[in-house]
Every structure is written in C-alpha cells, then in structure tokens.
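Work through the exercises below with the structure open. Try each task before you read its solution.

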Amino acid sequence: MPQLHAEAGTRRAFLAGALLFASSLVPLRGLAAMGRRRGGQHPTPRPGITAAKVLTPEQLKDAPDSLDVFNMVREIPEIVDGIRCQCGCADIEGFYSLLSCYEGEGAMARDCMICQGEGRLAYRLHKAGESLDSIRAAIDARFG
Amino acid sequence: MRPAHLVLPAVLLVAGLAAPVSAQIQASEPGSVAQVVDGTKFSIEYYRPRLRGRDSIFETQILAEKVWTPGANWATTFELSKKIQLNGTDVPAGKYSTWFIFHDRTWTLLLDPRARRFHMNRPDSVAGQIKIEVTPEAGPFTDVLAWTFPEIRVNGGKLRMNFATRQVTLDYRVEPSFEYSMPQQAARPYVGQYEFSWASEPGDTTPPKVYKLDLQYRNGSLKGTFDPSPDPTMQEVLFFSIRPHWFRMATLEKGEVFDVWTDAVFEFALQGNRATGFEIRGDGDEVWGRAKRVR
C-alpha cells in the first residue's frame with residue numbers, strides 16, 4: 001500500500017507538470033490561468049448562440065488530447081455559454097463565458113486543464129439531465 | 001530668509017522619505033516577509049535596524065521610547081488579505097502600522113489603520129486601532145531585526161520578532177476555507193467499507209491493486225482509514241462535502257487536517273440512501289480511480 005501515496009503523488013505531479021507545460025505554450029493567457037479566481041457571476045447564455053467559432057478537428061491537429069472536449073462543447077454551446085470559467089481567464093478582454101475558451105485561434109482550452117475539465121464536467125452533467133444552475137453549482141464547487 | 005544649511009537637509013530628508021526604495025545605502029535596509037496559509041496572506045514590510053555593537057540597545061534606548069515600531073524609518077506594516085485572529089484578537093483585513101507599547105513585564109502590540117507613518121510619528125488614539133497584549137521573552141542574539149514565520153499550521157501559524165536578545169512570538173489563526181464537519185445523518189449514507197483501485201493507464205493489462213477503505217463517522221466528521229496504510233501521512237483521512245454526494249479528501253496528522261487534495265474530487269453514487277461506490281476525478285474531469293462498496 002505504500003504505492004497509494006506514491007501513485008497519488010505521481011498523478012498530482014503529472015497534473016502540475018501538465019499545467020506548467022500548458023502555460024508555457026500560451027504565455028500570456030496561461031499566466032492568468034496559474035492562479036484561479038474564485039467567485040464571479042455566471043453569464044447569461046446569449047440568445048441564438050452557436051458553436052460556429054469553436055475550433056474544428058482540423059484546427060486541433062496539434063492538440064489531439066483536447067479534441068474530445070472540443071467536440072463535447074460543440075454539442076452544447078447554449079449550456080457552456082452560461083458558465084463562467086474559474087481558471088482565471090474570465091477577466092481577459094473579449095471573454096464572455098466558458099465557450100470563449102473554446103473559440104478562435106487563441107482558444108485557451110487547447111492547453112488549459114481547468115477549461116477542459118469544466119467543459120467535460122458540464123457535458124457529463126448535462127447528459128445526466130442536470131440543469132444549467134446545477135451545472136454552475138458543480139463548477140463552482142469543483143473549480144471555484 | 002531661512003539659512004540654506006537648514007533647508008537642504010530638510011529637503012533631502014523629505015526626498016528620502018518619499019522614495020523609501022531608492023538607490024541608496026541605509027543604516028536600516030528595507031525588508032519584507034509574507035506567508036500564505038489557507039488562502040490568507042500575511043505580509044510584513046519593515047526596515048531592518050542593525051545593532052552595530054549596541055548590544056544593550058533595548059535597555060539603553062528602545063525601552064525608553066515607550067512606544068516603538070519594531071523596525072526603523074517608516075513604521076513596520078502588517079498587511080492581511082483576510083481577517084485573522086492574532087493572539088485571540090480579531091484583526092480585520094487591511095494594512096496597519098505596527099507598534100509596541102512597553103510596560104514593565106508585558107508589551108502591547110498596537111496596530112494602527114494609518115499604515116504609512118514615520119517611526120517618530122507615534123500614533124495617537126484613533127478609531128480602528130487594535131491592541132493585543134504580548135509577552136516578550138529572551139531570544140537568541142539577533143544582530144539584524146527580523147520578522148519570521150517559524151511555524152505554520154493548517155489554520156494559522158506563529159509570527160516572531162527577534163532583535164538583540166529580545167523575542168516576541170504571536171499566534172495567528174486564519175478563517176478556514178472548508179467546513180470539515182458534517183451532521184451524522186448526512187454522513188450515514190457513506191459510512192461503510194470500500195474496495196478502491198486506481199484507473200489503469202491505456203494499454204496496461206496488469207490487474208489493478210485493490211485497497212480497502214473504511215469510512216466511519218467520528219468526532220463530527222467522515223473519516224477514513226486505509227488497509228494497509230499507505231504511509232504515516234495517510235493513516236487517517238477525512239472526507240468533507242463540497243456538493244451533494246461530492247467530497248474532497250484531506251490527510252490528517254495527529255487528528256488535524258494536514259493537506260487537502262484540492263485537485264481531486266470524490267463523487268459518490270447512491271442507490272436510495274446508501275452509497276454504492278465512488279469515483280475520484282481530477283481537474284480535467286478524468287477518472288483517477290474507482291471504488292465499490294463491499295459492506
């Protein structure tokens with residue numbers, strides 16, 4: 001059983017390393033992600049919002065590990081647009097919601113584990129039938 | 001007309017005070033120290049006087065001042081990002097100039113909300129001041145006045161000032177970020193024995209090692225013991241709720257929380273009012289491990 005602590009440590013160290021690696025890839029936005037910010041109001045989903053700006057598989061060829069979560073978010077833009085990202089990027093100019101993390105050339109969710117985790121969690125809970133308010137509460141509890 | 005030999009030193013003095021971190025050599029150089037505990041940052045900025053052979057400076061000079069900032073030049077400041085308790089006294093978040101008022105055997109630590117204050121401008125009485133009784137002790141000989149945080153706990157720590165052979169130690173407590181206790185009725189669905197294993201890496205066909213976890217309600221919280229024990233720091237763990245059926249895990253040392261796993265969440269599944277197992281998920285919502293209830 002000594003492995004339990006060691007394995008946990010390995011996993012935690014791996015995660016920390018992954019975050020550092022991600023921040024090195026996106027030096028400006030990544031720095032904001034190093035310190036999470038608690039709180040903040042969740043945005044109201046914009047009427048008629050679509051996933052048109054979410055990066056496509058072709059645009060993610062250099063980030064294959066994030067492809068799954070981009071596909072998830074592409075399915076539920078109206079939900080993801082009602083969530084405030086807790087990784088620290090929410091104060092960046094032009095940011096509206098977690099959906100913003102998945103849009104455009106600088107999409108932070110390519111590399112940010114928190115953006116990805118929030119997207120996967122939102123998708124999983126939405127598929128389980130949970131409401132947007134319930135998903136928001138889960139995001140706050142988990143990442144806030 | 002004011003004589004030039006009086007005006008020039010005054011101008012230089014004011015200029016020097018207005019720019020405390022300028023390129024100059026000072027008898028008491030500026031220093032700072034800060035400590036974060038459970039999200040509360042405690043910062044101290046001060047100028048550090050040196051004894052320079054004045055080993056009896058307390059007896060010959062400082063104690064006679066009656067009110068003294070434990071530093072030099074501009075008053076030493078305490079800055080708190082959140083409210084704390086200092087030697088049991090509530091201190092709101094903010095920045096304070098810091099002073100000692102000397103009595104025969106005890107001193108009073110005076111925190112003044114007017115943070116920017118020259119050391120000779122001793123504070124008069126104003127609203128918002130906080131007074132805390134402290135007991136000076138004999139300490140190791142210290143040539144340069146030093147503020148340190150020699151002890152850190154999960155809920156606070158100790159702060160110490162050393163200068164010459166005097167030492168003052170303060171205990172502080174921060175506001176906890178998490179609620180570790182829970183009612184027994186809320187814990188009841190999760191009390192039981194589980195078999196847990198880490199998720200296998202892709203392509204790894206080795207049967208996962210199984211660990212037993214016994215969750216019990218003890219002393220107002222949900223506590224777990226692993227069998228066999230992983231290592232001394234994980235002999236006992238505590239689960240606390242962050243959302244219905246979601247828990248974080250903390251490791252305990254001598255019954256006190258030692259470390260909170262903030263990068264993982266334990267999601268329990270329930271049938272009726274009885275947990276059937278749980279998953280551990282990481283920040284990326286990936287599954288780290290799974291457990292099923294066996295009793």
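The expected span of a helix is 1.5 Å times one less than its number of residues. Keep in mind that this is a predicted model.

**Exercise 1. Check the length of helix 5 of chain A against the expected span.**

Solution. 
- Step 1: count residues. Helix 5 of chain A has 15.
- Step 2: take the span from the first C-alpha to the last. It reaches 21 Å.
- Step 3: compare. The span is close to the 21 Å expected at 1.5 Å a residue.
- Step 4: look past the end. Helix 5 of chain A is followed by G129(A), which has a positive phi, near 90°.

**Exercise 2. Decide how far helix 5 of chain A is enclosed by the rest of the structure.**

Solution. 
- Step 1: set the cut-off. A residue is buried if 20 or more other C-beta atoms lie within 10 Å of its own.
- Step 2: apply it. Buried residues of helix 5 of chain A include M113(A), I114(A), C115(A), L121(A), A122(A) and L125(A). Q116(A) and E118(A) are also buried.
- Step 3: conclude. Because 11 of the 15 residues are buried, helix 5 of chain A is largely enclosed.

**Exercise 3. Describe the largest nonpolar core and find which element gives the largest share.**

Solution. 
- Step 1: size it. The largest nonpolar core has 34 residues. V73(A), C101(A), Y102(A), A109(A), C115(A) and A122(A) have the most contacts inside it.
- Step 2: list the contributors. Helix 3 (67-75), helix 4 (77-80), helix 5 (113-127) and helix 6 (132-143) of chain A each give two or more residues.
- Step 3: pick the main one. Helix 5 of chain A gives the largest share, seven residues.
- Step 4: look for another core. A second, separate one has 28 residues, among them A187(B), L215(B), M234(B) and A291(B).
- Step 5: go back to C101(A). Leaving out residues up to four places away in sequence, C101(A) touches C85(A), C89(A), A107(A), M108(A), A109(A), C112(A) and C115(A).

Technical notes: Residues are numbered from 1 along each chain as its sequence is written. Chains are lettered from A and ligands numbered from 1 in the order in which they are written. This is a predicted model: local features need pLDDT of at least 70, side-chain atom pairs count only at pLDDT 80 or more; totals for chains, interfaces and linings use all residues. A nonpolar core is a set of buried Ala, Val, Leu, Ile, Met, Phe, Trp, Tyr and Cys residues joined through C-beta atoms within 7 Å. A residue is buried if 20 or more other C-beta atoms lie within 10 Å of its own, exposed if 12 or fewer, and partly exposed in between; C-beta atoms are placed from the backbone. Helices (H or I, at least four residues) and strands (E, at least two) are DSSP runs, numbered from the N terminus. Two residues are in contact if their C-beta atoms, placed from the backbone, lie within 7 Å.
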